[in-house]
Structures are given as C-alpha cells and as structure tokens.
Amino acid sequence: MIYEWQRVANDLERRIRTGEIPPGGRVENERELANVYTVSAGTVRRAVRELRERGLVETLPAKGSYVVDVLPPTDPAPTG
C-alpha cells in the first residue's frame with residue numbers, strides 16, 4: 001500500500017529529476033500542490049518533508065521550497 005503523501009512525493013521527485021522543476025526552481029506552494037494532487041495541506045506538508053529527507057529540496061521560512069542545485073543520486077527504492 002502506498003500512502004497519498006508518498007504518491008505526491010514520488011511524483012514531485014519525478015518532476016524534479018526530469019527537469020520539469022529545475023535545480024533552483026521553486027516548488028509550488030502548499031495550496032497549489034493540494035489542488036494539483038487533490039489532497040489535504042497536511043499530505044502536502046508530509047510529502048515536502050519527505051523530499052527534504054531525500055535531499056531534493058530545501059525549505060526557506062516564509063519563502064517556500066526550492067530544488068537543490070545538485071541532486072543526490074537516484075535511490076532505487078524510495079523510502080516510505
């Protein structure tokens with residue numbers, strides 16, 4: 001079973017790794033992501049936390065989450 005936050009995190013990671021959201025690019029805000037994925041804000045928060053743990057994004061208070069400049073290697077088995 002895959003949780004909704006994992007589905008969101010995995011799709012965001014795909015978008016980051018394919019360059020749809022480029023290095024240094026801003027990830028949509030919580031409300032936008034909740035609308036795109038039709039999930040709650042809490043689910044989005046958990047997904048973004050997972051992306052931080054995977055080393056893919058950095059979150060700046062009151063500014064948002066941004067893709068890191070250098071992506072870590074792909075993990076063959078994403079966590080969660």
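Helices (H or I, at least four residues) and strands (E, at least two) are DSSP runs, numbered from the N terminus.

The model is predicted: local features need pLDDT of at least 70, side-chain atom pairs count only at pLDDT 80 or more, and totals for chains, interfaces and linings use all residues. Residues are numbered from 1 along each chain as its sequence is written, and side-chain values use heavy atoms, with hydrogens and water left out.

Next, centre the view on Ile-16. Leaving aside neighbours within four places in sequence, Ile-16 is in contact (heavy atoms within 4.5 Å) with Ile-21, Leu-51, Leu-56, Val-57, Val-67 and Leu-71.

Remain on helix α1 and select Asn-10. Asn-10 counts as partly exposed because its relative accessibility is 29%; buried means under 20% relative accessible area, exposed over 50%, and partly exposed in between (1.4 Å probe, protein chains only).

Proceed to strand β1 (residues 57-60), which runs antiparallel to β2 and is joined to β2 by four bridges; two strands pair if DSSP finds at least two bridges between them. Leu-60 has Gly-64 of β2 as its bridge partner, and Thr-59 has Ser-65. Three residues lie between the strands of this hairpin, where Ala-62 takes a positive phi near 65 degrees.

Finally, display the largest pocket, with a volume of about 230 Å³. Among its 15 lining residues, Glu-30, Val-48, Thr-59, Gly-64 and Ser-65 are the closest to its centre. On a 1 Å grid over the protein atoms alone, a pocket is an open set of points where a 1.4 Å probe fits, with protein on both sides within 12 Å along at least five of seven lines; lining residues have an atom within 4 Å of a point. Points are joined across faces, edges and corners, and the volume is the space filled by probe spheres set on them. α2 (30-37), α3 (41-53) and β2 (64-67) each supply at least two lining residues, and α3 supplies the largest share, five.
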